[in-house]
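I opened this model to go through the core, the sheets and a few single residues. The entries below follow the order in which I looked things up.

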Amino acid sequence: MLTGQCLCGALRFRFDPKGAVTDYCHCKMCQRWSGAPVTAWAQIPESQFEITSGSARTYQSSSRGIRHFCDRCGSAVFMTDPAGDSVGIMLGTVDDPTSLAPTGHGWVSDQVKWLKIDDHLPRWERDAPYDR
Ligand SMILES: [Zn+2]
Ligand SMILES: [Zn+2]
């Protein structure tokens with residue numbers, strides 16, 4: 001199991017990373033939500049994720065995405081879909097994300113022009129093919 005938390009530490013979670021899909025997202029919604037030029041994610045089935053302390057508030061940012069943030073410090077922590085199938089965890093909130101290196105870049109159509117990432121991972125103009 002891996003663990004993570006928000007900035008203030010009130011909201012803590014743990015998850016089983018087995019089968020996780022990992023990627024960068026360059027979309028403008030993630031930029032606005034995080035305040036960062038790019039975000040990195042691990043997506044797992046919801047059954048592998050558990051909040052262990054604190055509570056999250058939610059904001060539904062689109063018809064298929066609900067964003068969860070700490071109700072105390074506001075950290076952007078994870079995302080779910082309305083069907084409850086999967087959880088996307090912001091890798092910056094994971095205590096040790098070493099084992100979860102991103103394997104692709106989604107939404108490079110929104111990538112900030114001065115951001116150069118010198119890797120050879122697959123890139124998709126919009127959603128990665130495994131996203132719906
Ligand atoms: Zn917090
Ligand atoms: Zn995004």
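This is a predicted model: local features need pLDDT of at least 70, side-chain atom pairs count only at pLDDT 80 or more; totals for chains, interfaces and linings use all residues.

Entry 1, core. I started with the largest nonpolar core, which has 23 residues. I took such a core as a set of buried Ala, Val, Leu, Ile, Met, Phe, Trp, Tyr and Cys residues joined through C-beta atoms within 7 Å. Buried stands for 20 or more other C-beta atoms within 10 Å of the residue's own, exposed for 12 or fewer, and partly exposed for what lies in between, with C-beta atoms placed from the backbone. The residues with the most contacts inside the core are Cys25, Trp41, Cys70, Val77, Phe78, Ile89 and Met90. Two or more core residues come from each of β2, β3 (21-25), β4 (39-45), β7 (65-70), β8 (76-80) and β9 (86-90). I noted the general rule beside this: nonpolar side chains tend to be buried together in soluble globular proteins.

Residues are numbered from 1 along each chain as its sequence is written, while chains are lettered from A and ligands numbered from 1 in the order in which they are written.

I found one helix and ten strands in the protein. Helices (H or I, at least four residues) and strands (E, at least two) are DSSP runs, numbered from the N terminus. The order from the N terminus is β-β-β-α-β-β-β-β-β-β-β. The radius of gyration, taken over C-alpha atoms, is 14 Å, close to the 14 Å from the globule rule for 132 residues, so the protein is as compact as a globular protein of that length. The rule is 2.2 Å times the number of residues to the power 0.38. The C-alpha trace spans about 35 × 30 × 25 Å along its principal axes. Buried residues make up 30% of the 132.

I traced an open sheet in the order β6-β7-β8-β9-β4-β3-β10, with mixed pairing. Two strands count as paired if DSSP finds at least two bridges between them. β6 (56-62) and β10 (105-106) are the edge strands, each pairing on one side only. β3 and β10 run parallel and are joined by two bridges. Cys25 has Gly106 in β10 as its bridge partner. Which residues does Cys25 touch, not counting those up to four places away in sequence? They are Cys30, Thr39, Trp41, Gly106 and Trp107, by the criterion of C-beta atoms, placed from the backbone, within 7 Å.

I read the order β1-β2-β5 in a second open sheet, with antiparallel pairing. β1 (2-5) and β5 (49-53) are at the edges with a single partner strand each, so one side of each has no neighbour in the sheet. Four bridges join β1 to β2 (residues 12-15). Gly4 is the bridge partner of Phe13, and Gln5 stands opposite Arg12. The β1-β2 hairpin has six residues between the strands, and Gly9 takes a positive phi near 90° there.

Beyond neighbours within four places in sequence, Ser53 contacts Ala10 and Arg12.

Conventions. Two residues are in contact if their C-beta atoms, placed from the backbone, lie within 7 Å.
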